[in-house]
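User: Please walk me through the labels used for this model. I would like each one set against its cut-off.

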Amino acid sequence: MTAERDGLSAVIDDATLIAQSRHRPDRFAALYDRHFREIYAYISGRLGGQIADDLAAEVFLVAFRKRDTFDPARGAVLPWLYGIATNLVAQHRRSETRRLDALRRTPPDTTAEHGHEDLVATRVAAASTQGRLAAAIGDLPDRDRDVLVLVALGELTYEEVAQALDIPFGTVGSRLNRVRRKLRARLGNVNPMLGETHG
């Protein structure tokens, strides 16, 4: 069965697997095998690893139940799965807020690593803004935060983010630009990765 499923996932596209799963539910397992890691990584990045296993599995359970509503004309399956994941993350927003609050209270790690002065300087600069960055991300409106994490953690394209959140393509770019401006302003025009000030 596993060999058949592996062969299936190599030659059949996602939309076809969903269509086939309407009559042969076992076909849906290939989608789980194909996309679980990406969905897990996205959820883990947003909510932490403890809840990611259960929530990622729930994404596929919801997708299986809603497979009759998937419309391949609107886009690919993976952004659709990210949309489901984003909705489930929204239901667990309190956990995300607690995590950001904990990050905000965490003192920066300024331990020096001898022999890697440039790397240490970069890490110290990033750590010094870590709490402010967490606070700034936590204060973003949900819709802006969703765009940011889909791009940053999910590594989705603007088109895929638009599909996942069911918003126009242009809205993705405008929200991301707004987020960048807000974060930069909250950090005093400091890039949190480099500790550089931009005029």
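Analyst: Happy to. Rings of Phe, Tyr and Trp (its six-membered ring) pair if their centres lie within 6.5 Å; planes under 30 degrees apart count as stacked, over 60 as edge-to-face and the rest as tilted. By that rule, a search of the whole structure finds 8 aromatic pairs. One of them is F28 with F64, with centres 5.3 Å apart and 75° between the planes. The model is a predicted one, in which local features need pLDDT of at least 70 and side-chain atom pairs count only at pLDDT 80 or more, while totals for chains, interfaces and linings use all residues. Residues are numbered from 1 along each chain as its sequence is written, and side-chain values use heavy atoms, with hydrogens and water left out.

User: Why is the pair of F28 and F64 called edge-to-face?

Analyst: The centre distance of 5.3 Å is within the 6.5 Å limit, so the rings pair. The plane angle of 75° is over 60, therefore the label is edge-to-face.

User: What does this pair tie together?

Analyst: F28 lies in the loop between α2 (14-21) and α3 (29-47), whereas F64 is in helix α4 (residues 49-65), so the pair ties together parts that are 36 residues apart in sequence.

User: What makes Y32 and F36 a tilted pair?

Analyst: Their ring centres are 4.9 Å apart and their planes meet at 35°, so the pair is tilted: that angle is neither stacked nor edge-to-face by the cut-offs above. Both residues lie in helix α3, 4 residues apart, about one turn of the helix. Y32 is partly exposed at 33% relative accessible area, and F36 is buried at 17%. Ring pairs also link Y32, F36, Y40 and F60 into a cluster.

User: Which residues of α10 count as buried, and what covers them?

Analyst: The buried residues of α10 (158-165) are V161, A162, Q163, A164 and L165. Their cover includes α5, α9 and α11 (169-186), where contact means heavy atoms within 4.5 Å.

User: Which helices supply the lining of the second largest pocket?

Analyst: α5 (77-91), α9 (142-152) and α10 (158-165) each supply at least two residues, and α5 gives the largest share, 8 residues. The lining has 21 residues, of which W80, G83, I84, N87 and A164 lie nearest the pocket centre. A164 is also one of the buried residues of α10.

User: How do you know that D142 is partly exposed?

Analyst: D142 has 41% relative accessibility, so D142 counts as partly exposed: the value falls between the 20% and 50% cut-offs. D142 lies in helix α9. D142 and A90 are 52 residues apart in sequence and 8.0 Å apart in space, C-alpha to C-alpha.

How values were computed. 1 Å grid on protein atoms, 1.4 Å probe; cavity = no way out; pocket = protein on both sides within 12 Å on 5 of 7 lines; lining within 4 Å. Buried < 20%, exposed > 50% of the residue type's maximum accessible area, 1.4 Å probe, protein only.
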